[in-house]
Amino acid sequence: MHENELQRLLGFLLGDVPLHDDDLEGADADTLRERLNDARRQLEEMRTLYRNVVEQLPAFLYIDSPEADGPTYYASPKIEEILGITAQQYINFSEIWDDMIHPDDRQRAIDDYNSYAKYGYPDRGDFRYIRPDGSVVWVHDRSSKILDEAGNPILVQGVMFDITQQKEAELAVQHMAYHDTLTGLPNRRMFEQHLELALARARRDDHGVAVLFCDLDQFKLVNDSLGHAVGDDLLKQVAARLRDATRDTDLIARQGGDEFLVLVGDVERGEDGSDAATRVGQGVADRIAEEFRRPFKVGGVEMISTPSIGISLFPDDARDGQELMRNADAAMYVHKRSGGTGRSAVHSGSSNAMEQLSSLTRLRKAVEDQHWELHYQPIVDLGSGEMLAAEALLRWRDPAGGITRPGEFIPLAEETGLIQSIGDWVLGEVCRQMREWHDAGIDLDVSVNVSPLQLSRSGIVDEISSHLDVHHLPHEAMIVELTESTAMADPEQIQKLLWELRGRGVRIAIDDFGTGASSLARLRHLPVEILKIDRSFVADTVLDEDAASMVGAIVELSRTLGMVPLAEAVETEEQRGIVERLGCSLAQGYLFCRPIPAVDLVADIREGRLRLAMKGAQSADVGRG
């Protein structure tokens, strides 16, 4: 059969083409019947092939009337797998589309269809459907019109793909990009975007905006003593408390670590024209502080974790988002450094706050680039004048400001936890320097100051031992110094720690003795070798008999407890004479030598300006020989 004959017969079977007499010319009934049967078989094969192709596609195909309220002519069986209904249900009930499409997507779908009907663009979009079992499916719906020869629409054919997994993955990625994975709170990126929007509204409507910067006090201690898992649990509980304490319209974000941000926007000015952002921001901060008065339960124990909060206000303190956040950060640190931990809030925008923030930024850079150096001050035997040891004193060589002494940056380093990295560098550098001196024939013991945060860190004893072992140094060559207040802060833990250090051979000194509130009953149970008399008493011995009497009492106490007294900050011969007459055997201070770099200390020893005691000839009080 010729192709044109088959097309005519198919057209006749489908009702599209009439069968004319000339189609039958020369053909008998049997021939015609054979041709018709052949055409029907080929048509059925084509239908089967089409059905197999359509039904195997991972999509739901449909054919609708071009009229909005017209019928559906065809729906492929895949609809049952995607939408949870049968093809016949979809065909029979035209309102089922309205019933199943997600309410949040319905208007968007209607608008898209109307635009498609009006302008004739291909209709496509992503929508959610609610299956009969209540589950939600995302579909990508794409349809186009079939036109007749005159260009009029006669059918709409469309296809729906199940894109639920793709959408869920996209939403998960989007959520991760804008949310903190631990607490589920928005992250800094989302906070900054919402802050810019809040500021735009505030400029337009003449409103105020407040940014709160919240930092947990002593969070490092929780991580170091109870572990990071407990710390993470605490952070999640903190996030929940912040939600409870803030308004529904406030945005809470996790900045990172133990730092959180709160955005208080759209604050109307008072009737007298005053800015209410101060009052509203302070109110939010007070509610946060109140929430934190209840103990947290983490790791099987109850604990109080207090927040330090800084507030920055628009338009009073800053004109843009970044400045608002910097000011709030700086205000929090200024507040904390002034002893304000656990307080409700402090307002910023002052030059002092910005100076503090600048110091913090430079300090973090110093930790990263290790802008440190150690100076050494001799510890001498007052009887012989010989140097028995040296105290390592940290200096910050700030590219922007020269040499900075520890009193100007150590408090900030302790508050921010940076002291951990700094302290580790000091221990390593001291041991490296001691090894270098030993190889050069200078056998010199060194005392090192350690902070409370270092001592609270689990494994600190192993860390100190490791530094000594790496450089093949005897543990007795190091003297660990801690302040009197640190020694008394947690006597049971400190006692255990110091005895463990002493058991490894490391020697112990109490610094700044006389300024704290020591318990003699506790002090006598500590393995302390050296008791350093605070500089304030030594400085006043010449003119103040009470100060001299205090020095004498500390010397007598140290002897009674089996410790060696050491006078700090001896600057004049008169002071030296007094402390020596009172029975003090060791001293350090400007009278003997200022803190100097290691290379200068070696030069002074080589040139005889400092006499290094032989180990076997050292005072029995402190010697290792």
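Buried means under 20% relative accessible area, exposed over 50%, and partly exposed in between, with a 1.4 Å probe and protein chains only. This is a predicted model: local features need pLDDT of at least 70, side-chain atom pairs count only at pLDDT 80 or more, and totals for chains, interfaces and linings use all residues. Residues are numbered from 1 along each chain as its sequence is written, and side-chain values use heavy atoms, leaving out hydrogens and water. Helices (H or I, at least four residues) and strands (E, at least two) are DSSP runs, numbered from the N terminus.

**Helix 17**
- Helix 17 spans residues 460-470, and Ile 460, Val 461, Ile 464, Ser 465, His 467 and Leu 468 are buried in it.
- These residues lie on the same side of helix 17, because they cover an arc of only 155 degrees around the axis. The arc is taken from the directions from the helix axis to the C-beta atoms.
- Their cover includes helix 15 (419-439), helix 16 (452-456), strand 17 (478-483) and helix 19 (491-503).

**Pockets**
- A pocket is an open set of points on a 1 Å grid over the protein atoms alone, where a 1.4 Å probe fits, with protein on both sides within 12 Å along at least five of seven lines; lining residues have an atom within 4 Å of a point.
- The largest pocket has a volume of about 990 Å³, the space filled by probe spheres set on the points, which are joined across faces, edges and corners.
- It is lined by 37 residues, with Glu 391, Leu 393, Pro 406, Gly 407 and Asn 449 nearest its centre.
- Elements supplying at least two lining residues each include strand 13 (372-381), strand 14 (387-398), helix 14 (410-416) and helix 15.
- The second largest pocket holds about 750 Å³ of space.
- Its lining has 34 residues; Gln 218, Lys 220, Leu 221, Glu 414 and Leu 453 are the closest to its centre.

**Nonpolar cores**
- A nonpolar core is a set of buried Ala, Val, Leu, Ile, Met, Phe, Trp, Tyr and Cys residues joined through side-chain atoms within 4.5 Å.
- The largest has 96 residues, and Trp 372, Tyr 376 and Val 430 make the most contacts inside it.
- Helix 15 gives this core its largest share, nine residues.
- Another core lies apart from it, with 31 residues, among them Val 222 and Leu 234.

**Asp 604**
- Asp 604 sits in helix 24 (residues 598-606).
- Asp 604 counts as buried because its relative accessibility is 13%.

Notes. Contact = heavy atoms within 4.5 Å.
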